[in-house]
Amino acid sequence: MSASPHPFHTLTPTFIMDAVESQGYRCDCRTLALNSYENRVYQVGIEDGEPIIAKFYRPGRWSDSQIIEEHAFCFELAEHELPVVAPCTNTGGESLFHHDGFRFALYPRQGGHAPEFDNLDNLLILGRLLGRIHRIGAIRPFQYRPTLDSQSFGHASVSFIGKHFIPDEYRDSYTALTGQLLSAVDRITAEVPFRAIRVHGDCHSGNILWRGEAPHFVDFDDSRMAPAVQDLWMMLSGERPRQTAQLAALMEGYNEFCDFNPAELRLIGALRALRMLHYSAWLARRWQDPIFPRTFPWFNTIRYWGEHILELREQLAAIEEPPLELP
C-alpha cells in the first residue's frame with residue numbers, strides 16, 4: 001500500500017460542489033456518495049431543482065477523446081428515443097468538464113431497481129432494446145475507444161497477476177491453467193466469425209434501472225467495440241435449460257430490430273473466461289485505491305486465489321461444452 005494519498009482523496013464535499021457549480025448550478029450543500037469503484041459518483045442536491053449526479057473519472061484511465069466518444073454514443077442512442085441516461089450538456093454543447101485536475105460529467109438522476117432476469121417478459125423487452133442499440137451501434141465503429149480482445153482482457157491480466165499478486169504456492173498452477181484457458185479462448189475467437197460493433201460492454205443488472213414497465217441503461221463507461229453477444233450473455237444464468245429459455249426470450253425481442261449471428265453463441269464461454277481474468281486483475285490494479293481493500297477484503301487472500309483457480313478450472317471445462325442453441 002502506498003503511503004501517499006490517493007487522488008480521489010481530493011474529492012471532498014466542497015470540491016464536489018465547487019465542480020458542479022462551475023457549470024452554473026447552485027448546490028444546496030447535500031452530497032451523497034453512490035456505489036462506484038472505478039470512478040467516483042455522487043448525488044448532489046441542487047437549489048430549486050432535482051438532485052444531479054456528478055461522475056468524476058478515474059485519473060489516467062480514459063483520454064478526453066475516449067470519454068467524449070462514449071458520450072456521443074449515448075447522445076446518438078437518446079436521439080433515437082432509446083432509454084439511456086445520457087450526460088447533461090452546458091450552453092456550449094459540452095458534456096465533459098474539467099475542475100482542478102479532474103474530469104467529470106453530470107447526469108440527470110434516474111430512479112429504478114435492478115431488472116429480474118428470471119422474468120422472461122423482462123428479457124423480451126431487454127432484447128428489443130438491445131436490438132435497437134446494436135442496430136445503431138453497428139452503423140459506425142468507435143475511433144478512440146478500445147476493442148474487447150483476449151490480449152487486453154486476458155493475456156495482460158494474467159501477466160499482471162503473475163508478476164505482482166499470485167502467491168508462490170499457486171504460481172505454477174495459475175500459470176499452467178491460465179495458459180490452457182487463454183489458448184482455448186484464442187482458438188475459439190479465431191474460429192468464430194463475428195463483427196465487432198459499438199456495445200454497452202458491461203450489461204449486468206447493476207447497469208440497468210427498471211422503473212414502471214421500462215428499463216433504462218446507465219453507465220456506458222465500459223463501452224467499446226465487441227461482438228453483440230457481449231451485451232447478452234450476462235443476462236443468462238442457471239442450468240442449461242433455463243439459459244436456453246432466457247436466450248429464446250432475448251432473441252425473440254432482439255431479432256425484431258437487429259439480426260443476431262447465432263455463431264456468436266460459441267463465444268459466450270470465452271467471453272466469460274476473459275471477464276473472470278480481467279476482474280481479478282482489475283481488483284489487483286486498483287488495490288492502492290483505499291476503497292478497494294475496504295470493499296473487497298477477501299481479495300488477495302490465500303483462500304481467494306485457491307477458489308479463483310478452481311473457478312478457472314471449471315471454466316476451462318465449460319468453454320469446450322457445446323454452445324447454447326436457439327430454439
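Trainee: Which element gives the most to the lining of the second largest pocket?

Mentor: The answer is α7, with three residues. Keep in mind that the model is predicted. Start with the pocket you asked about. The second largest pocket has a volume of about 410 Å³. Its lining counts 19 residues, and G269, R272, A318, E321 and P322 lie closest to its centre. Elements giving two or more residues to this lining are α6 (240-254), α7 and α9 (302-318). By class, the lining splits into nine nonpolar, five polar and five charged residues.

Now follow α7 to the largest pocket. There, α7 supplies the largest share of the lining, six residues. The volume of the largest pocket is about 1600 Å³. It is lined by 48 residues; nearest its centre are S36, D202, H204, N207 and D219. At least two lining residues each come from β2 (40-46), β3 (52-56), α2 (64-79), β5 (102-108), α4 (150-164) and α7. The class count is 19 nonpolar, 16 polar and 13 charged.

The largest cavity has a volume of about 30 Å³. Its lining is made of L148, F153, Q230, L271, L274 and R275. Helix α7, residues 268-285, again gives the most, with three residues. Four of the lining residues are nonpolar, one is polar and one is charged.

Terms used
Residues numbered from 1 in each chain as written. Predicted model: local features only at pLDDT ≥ 70, side-chain atom pairs only at ≥ 80, totals over all residues. Heavy atoms only, no water. 1 Å grid on protein atoms, 1.4 Å probe; cavity = no way out; pocket = protein on both sides within 12 Å on 5 of 7 lines; lining within 4 Å. Points joined across faces, edges and corners; volume = space filled by probe spheres on them. Helix = DSSP H or I, 4+ residues; strand = E, 2+ residues; numbered from the N terminus. Nonpolar A, V, L, I, M, F, W, Y, C, P; charged D, E, K, R; others polar.
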